[in-house]
Amino acid sequence: MNGSSKPLTFSINNYHYNKTNQSLNTDDDFECVKVEVRRKFNSNWHELRQISDLDNSCPNQTTVSLMRCKKQIIHPFRNLLCLIGWRPIGVDSFKRSSILLKILNIIYPIFILILLLFNYVYEIIVCQGKLNVVTDTKTTTTTTSTSTLSPRENFTMVNWSSLVPPKPIHILNTSTLNAPVCGHIFTTYILPDVLHIVAFIIGFVYFRITEGEPMYSLMEKVFICTDQNMRKFSPNRVIRRLKIFLLIGSIWVIVSVATLALSNAMNDFAHPLIFNRQFQKQRTSAKYSLFVLDILCLLVSNCIHLAITMNFVSHCELVVFYCKAIRTRLEEKSIHLHEAMKQILDLGSSISQLNSAASRMMSILVVYFLERTILGIILLILNQINEPLMYVYRALYPIVWFSILMFCLGQAARVTSKCDKFHRISLSMRVYGYRTATSTDLDGFLLFLAKAELRAKLFGLTVRPGKIISIIVTTLVICVILLQTNIIHTTNFFFQ
């Protein structure tokens, strides 16, 4: 026991029919974790290991916060990874994996891949979302005669000049017309699908190898560094912020799937290329079956977006809290300069992990989100279909993709902005001094911060708030000029 007062019990109880029960209970140093191991010997070998968390009466609040964060944040995120096939099912269980479970973990990722491939092909066939700028922004018209002649026996002539030419009847998405051909298939569907499948493959390899441990290890460092008494970066605030991110992401998935479901509903859940008059009897059951399958594919596809985005923005948020904790201690002069340099170096390692695979996946999806946002704005401006549902769909589509795009870019910009404040603090320390540090120590600290790569990157480029704001303002000015000069001509009242 090495003089330790840790409680340790080991008991062997013999039961009838030659069963043996072995149990081992041990608690950690803070009496916060209870570990129980039981083994039973019979005709079949069975082993059960159980780790249970105690209540909040644990004297170590950091351990309690970590346990709560793991339960409320890590477990739901891992369930999301299992849903999209990036994490084996049942890997967190202490029981030995059965053969059926191992087979399921091989088949399930293949099933997810088949769903994605089906979604890619299906959306090209049905022109999903009606994203053709030329044909899908105008109303399809057809003319039908509305004049009728009452039959009379002595009626000998008709005054054709008195007949009024029939008015065109506006019909939206009718199945009696020829199947429209999707325009700009490569830029509208093929290119985004290629980006999506590449991000899926990178995420599959990344999470299967690392199992999300970089984010969890960073979470432990943040919780150790944070102070329970400091409201700005307490563990409870970290957990609350990550829970809000998870909730917002779940709402985004529901809204994005509902937006595309609205598009399918406006097209009668079908497409003339698949359904025609010859199959009217089978049409109802088949079209709704394809609609449900399409919604399932869209749900999986958007869950992949959510997993990549949650991994990136949560990592960014933890880095921001870690940065705040170090910076506050430097401002209070409550930490030794050499210890602060160690923590900043560790912070740089966490940012390097952020800029590796997580940044590559996020960079690919940023292009995807940007392409969808631009296309949605163009369709909204050029829309000539005066239908309330169409306007709702055209307005929701760019909002959905622009919101998640700005969320990702904003988090990356926050990391760079918060880390840049270290330079301001170091200049203040050089002028006013820092505890017992000499001028040579402060000069070395300045040089150390100059060489430290404390910047979040996408596409290998540093993301800063000023860059994002300047790009948005420049884009808005260009759009206003194009609309005012009628280079972009629209009949929409709001954009005239």
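Mentor: The conversation below takes these topics in turn, and the model under discussion is a predicted one.

Trainee: Let us begin with packing. How are two packed helices described in general?

Mentor: Two packed helices are described by the angle between their axes and by the distance between those axes.

Trainee: At what angle do helix 5 and helix 8 pack, then?

Mentor: Helix 5, residues 235-266, packs against helix 8, residues 388-432, at an angle of about 155°. Their axes are 10 Å apart.

Trainee: Why do helix 5 and helix 8 count as roughly antiparallel?

Mentor: Angles over 145 degrees count as roughly antiparallel, and the angle here is about 155°. Helix 5 and helix 8 are therefore roughly antiparallel to each other.

Trainee: Is the crossing of helix 5 and helix 8 left-handed or right-handed?

Mentor: Helix 5 and helix 8 cross in a left-handed manner.

Trainee: And what about helix 4 and helix 7; how do their axes cross?

Mentor: The axes of helix 4 and helix 7 cross at roughly 155° and come within 11 Å. Helix 4 and helix 7 are therefore roughly antiparallel to each other, and their crossing is left-handed.

Trainee: Which salt bridge does Lys 221 form?

Mentor: Lys 221 pairs with Asp 346, with 3.1 Å between the closest N and O atoms. The pair links distant parts of the chain, 125 residues apart: Lys 221 belongs to helix 4 (residues 213-225), and Asp 346 belongs to helix 7 (residues 337-382).

Trainee: How many salt bridges does the structure hold?

Mentor: The structure holds nine salt bridges. Another of them joins Glu 317 to Arg 241, with the closest N and O atoms 2.7 Å apart. Glu 317 lies in helix 6 (residues 280-332) and Arg 241 in helix 5, so this pair ties together parts that are 76 residues apart in sequence.

Trainee: Is Glu 317 buried or exposed?

Mentor: Glu 317 counts as buried, because its relative accessibility is 1%.

Trainee: Which residues meet in the salt bridge with an N to O distance of 2.6 Å?

Mentor: That salt bridge is formed by the side chains of Asp 443 and Arg 430. It links distant parts of the chain that are 13 residues apart, with Asp 443 in helix 9 (residues 439-451) and Arg 430 in helix 8. Asp 443 is partly exposed, with a relative accessible area of 36%, and Arg 430 is partly exposed at 30%.

Trainee: Changing topic: which residues make the nonpolar surface patch?

Mentor: Ile 99, Leu 100, Ile 103, Ile 106, Ile 107, Ile 110 and Ile 114 make a nonpolar surface patch of about 750 Å². Ile 107, for instance, is placed in helix 2, residues 99-125. With a relative accessibility of 49%, Ile 107 counts as partly exposed, because the exposed class requires over 50%.

Trainee: On to backbone geometry. What is the phi of Cys 127?

Mentor: Cys 127 has a positive phi of about 50°, although it is not a glycine. Cys 127 lies in the loop between helix 2 and strand 5 (141-142), and it counts as buried at 6% relative accessibility. The C-alpha atoms of Cys 127 and Gly 183 are separated by 8.7 Å, and these residues are 56 residues apart along the chain.

Trainee: And where is Lys 333 found?

Mentor: Lys 333 is found in the loop between helix 6 and helix 7. Lys 333 has a positive phi of about 55° and is not a glycine. At 37% relative accessibility, Lys 333 counts as partly exposed.

Methods:
Residues are numbered from 1 along each chain as its sequence is written. This is a predicted model: local features need pLDDT of at least 70, side-chain atom pairs count only at pLDDT 80 or more; totals for chains, interfaces and linings use all residues. Side-chain values use heavy atoms; hydrogens and water are left out. Patches are made of residues with over 30% relative accessible area and no salt bridge: like charges are joined within 9 Å, nonpolar side chains (Val, Leu, Ile, Met, Phe, Trp, Tyr) within 5 Å. Accessible areas come from the Shrake-Rupley method with a 1.4 Å probe; for residues, only the protein chains shown count as cover. A salt bridge is a side-chain nitrogen of Lys or Arg within 4 Å of a carboxyl oxygen of Asp or Glu. Helices (H or I, at least four residues) and strands (E, at least two) are DSSP runs, numbered from the N terminus. Buried means under 20% relative accessible area, exposed over 50%, partly exposed in between (1.4 Å probe, protein chains only). Axes are lines fitted to C-alpha atoms, for helices over the stretch in contact, and angles run from 0 to 180 degrees between N-to-C directions. Angles under 35 degrees count as roughly parallel, over 145 as roughly antiparallel, 65 to 115 as roughly perpendicular and the rest as oblique. A crossing is left-handed if the near helix is turned anticlockwise from the far one by less than a right angle, and right-handed if clockwise.
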